[in-house]
Amino acid sequence: MRKRSIPATIGLYVILLLWAFICLFPFYWMITTSFKRPLDVNRVPRYIPFVDYQPVTDHWEFLLVDEQAKTWRYFRNSLIAASASCVLSVIIGSMAGYGLSRFKYYWARLGWRNDNIAFWIISQRFLPPAAVVIPFILFFNFLRLIDTHIGLIMAYTVFNIPFAVWIMRDFFNSLPIDLEESARVDGASRWQAFLRIVLPLSAPGLVTVALFSFIFAWNEFLFALMLTNFDAITMPVYLAGMKSTKGIDWWYISALTLIMVAPVMLIGLFLQRYIVRGLAAGALKG
Amino acid sequence: MASLSDIKPLPPASETGQESREDSIFKRVFLSPAVAVLLVFSIFPLLWSLGVSVTTCQRSASAAGAEAPAPTVGSVMCLGNPADFSLRNYERLPTDSRLLTAIRNTLFYVIVGVTVQYCIGLLLAMLLQQEFVGRRFFRLVFLLPMMLTPVAAGYVGRMMFDSGISPLAQFQRTIGTFLSNLTGLEVKISVPFITDPGVAPFTMVLIDSWQWIPFMTLLLLAGLQAIPDEVYEAARVDGANARQLFMRITFPILLPISLTAILIRSLEMFKLVDIINVVTGGGPGTSTESLVMYVYDTALSFGNYGYAAAMGFVLLVMVIIFATVFLAISRRLTRQQLGVG
């Protein structure tokens, strides 16, 4: 790299700091708002705790103690829907990815081979959910799955599978086939070779798929809104519903938002490289 | 998509074509769950949706009776209410001015939003590509907005752009007072970010961009890091200036990944609903309403499932047309670039 001139370096840092401020300030605002008294929120903006306002923990106590059952219910609903669909997508996605990577398929009726099948699966990812949400409502209504965890889990699994298949197929393609073959020579069945040899080696791919499936389901809004109405409401829908009550209780919304984004933020911070890898893989290969 | 064909599956164990019985069972076992799930929950609903869209399916029978009876060709049960087959929903589509507004807004979000996100994302990616102290810190910080749930990003945006309590509003007031004192005239600066029908769509774009610029930055940075330094060195030796380096090297090499990133973001943008729902609820009036939002409103507030399904198909057709045209153009652009380079 060449040496930069001093003005260029200053300019670089000015833009970087400005953008870092734009990225961070909303988070700071959300955190401080959750500790402000309503008067400190609703009159003029207050910026620094202990200097221009006195922080209070009332709102956190309200959400985590007084309304604990309610908060926990929605959090749990999100957790159940996200983790169950995450597990299902990983299992189904890695199986299909392995199949497409290791076997030759030929579907005579359409003349489809592996690549056609893979393309068909990934193209499902770009289907706008709004185009299929109505039959989902009718179908789930018929099966009595509206407002149940199972309904949400099924819907999220469907939307996660294409991505899971895509990433896992790529991953298995990059895995040398020799190990499985030697295991097979030693008398292991296909299934044993898959479980004992292939899966442990593909842990990084599985983690990436699991992360994305979980985050997608955790953040999903449209289906949760349409398919739940009381018992199975997830965090995003609960949070979005808070705006319609009299006035906006910014302090509760801020605190709840922080509770909601905490798992994803933690995952994101600690497993950042898997997320980067997943996005890069999705884009570079897609 | 474009590069699908160059990822060849590894040859199966039995290249000669004589699969063992075990293998022929196993290959079905491995693939069929995914195919079955997608058929049952993706293709089948799509066909069903097509079916629903040609009926007068309503949540409550009374609402259906309120409108003028349409010519029917048969009847079907829908959510326990009788519904008729009719093309009324499709006849209504071109005359529905709210739908046209929603389509226009959606296209606005896709075109303006993705352009903004791409330009700023590219700028930030090029900055992060430089070498400087604290690069790891800035990379992490720049990713943070993407980790936020879209609903949460909507609330945050609303707090930032509120015309009364937000720091931005106070900042505007301060500048207004300052200018008043300076000029002696009555100066009042107050941009109605959320309450003005002309400004609100831009505010939606700003909030969405805040959240998704990191996505662009991340992908473009990955692309930039794949360009070897020697390429730049060679060009500099030949006397290329910074502008030429960007136009002749960086931009063309980034073109494929740029197109993919733009396609992914555009397709996501067609589905935009969470942020709008939280910040404006589609208002003021219907000035920020997206197509998905209108579908949701038609289905849940009006209970008109038939029309909602028909609109879902409008969205699907828009997405398919967009993706097809986009892929055709990008294939041509990439080929051109290969031809020149």
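This is a predicted model: local features need pLDDT of at least 70, side-chain atom pairs count only at pLDDT 80 or more; totals for chains, interfaces and linings use all residues.
## A first look at chains A and B

Leaving aside neighbours within four places in sequence, G205(A) is in contact with I167(A), M168(A) and F171(A).

**Around G205(A)**

- G205(A) sits in helix α10 of chain A, which covers residues 203-219.
- Is G205(A) buried or exposed? G205(A) counts as buried because 27 C-beta neighbours lie inside 10 Å, and the cut-off for a buried residue is 20 or more.
- One of its contacts, M168(A), is 37 residues away along the chain, yet the two C-alpha atoms are separated by 6.3 Å.

**Chain A as a whole**

- Chain A contains 14 helices and 2 strands.
- Of its 286 residues, 45% are buried.
- The radius of gyration of chain A is 24 Å, whereas a compact globule of 286 residues would come out near 19 Å.
- Along the principal axes, the C-alpha atoms of chain A fill a box of roughly 75 × 65 × 35 Å.
- Among the contacts in chain A with a separation of 6 or more, 75% join residues 24 or more positions apart.

**Chain B as a whole**

- Chain B has 13 helices and 2 strands.
- Buried residues account for 37% of the 341 residues in chain B.
- Among the contacts in chain B with a separation of 6 or more, 70% are between residues 24 or more positions apart.
- Helix α7 of chain B (residues 167-183) has 17 residues, and the distance from its first C-alpha to its last is 24 Å, close to the 24 Å expected at 1.5 Å a residue.

**Where the chains touch**

- How many residues of chain B are in contact with chain A? There are 79 of them, and they meet 82 residues of chain A.
- Helix α1 of chain B (residues 21-53) gives the largest share of the side of chain B that touches chain A, with 17 residues.
- That side of chain B divides into 62 nonpolar, 11 polar and 6 charged residues.
- L144(B), found in helix α5 of chain B (residues 135-147), touches C23(A) and F27(A), not counting residues up to four places away in sequence.
- L144(B) counts as partly exposed because it has 18 C-beta neighbours inside 10 Å, and a buried residue needs 20 or more.
- Within chain B, L144(B) and E268(B) are 124 residues apart in sequence and 19 Å apart in space, C-alpha to C-alpha.

**The largest nonpolar core**

- In soluble globular proteins, nonpolar side chains tend to be buried together.
- Here, the largest nonpolar core has 160 residues.
- The largest share of this core, 16 residues, is supplied by helix α7 of chain A (residues 149-173).
- Which residues have the most contacts inside the core? They are L222(A), A34(B), V292(B) and M311(B).
- L222(A) has partners in chain A, namely P129(A), A130(A) and V133(A), as well as V273(B), V292(B) and Y296(B) in chain B, leaving aside neighbours within four places in sequence.

Conventions
Residues are numbered from 1 along each chain as its sequence is written. Chains are lettered from A and ligands numbered from 1 in the order in which they are written. A nonpolar core is a set of buried Ala, Val, Leu, Ile, Met, Phe, Trp, Tyr and Cys residues joined through C-beta atoms within 7 Å. A residue is buried if 20 or more other C-beta atoms lie within 10 Å of its own, exposed if 12 or fewer, and partly exposed in between; C-beta atoms are placed from the backbone. Helices (H or I, at least four residues) and strands (E, at least two) are DSSP runs, numbered from the N terminus. Two residues are in contact if their C-beta atoms, placed from the backbone, lie within 7 Å. The expected span of a helix is 1.5 Å times one less than its number of residues. Ala, Val, Leu, Ile, Met, Phe, Trp, Tyr, Cys and Pro count as nonpolar, Asp, Glu, Lys and Arg as charged, and the others, Gly among them, as polar. The radius of gyration is taken over C-alpha atoms; the globule rule is 2.2 Å times the number of residues to the power 0.38.
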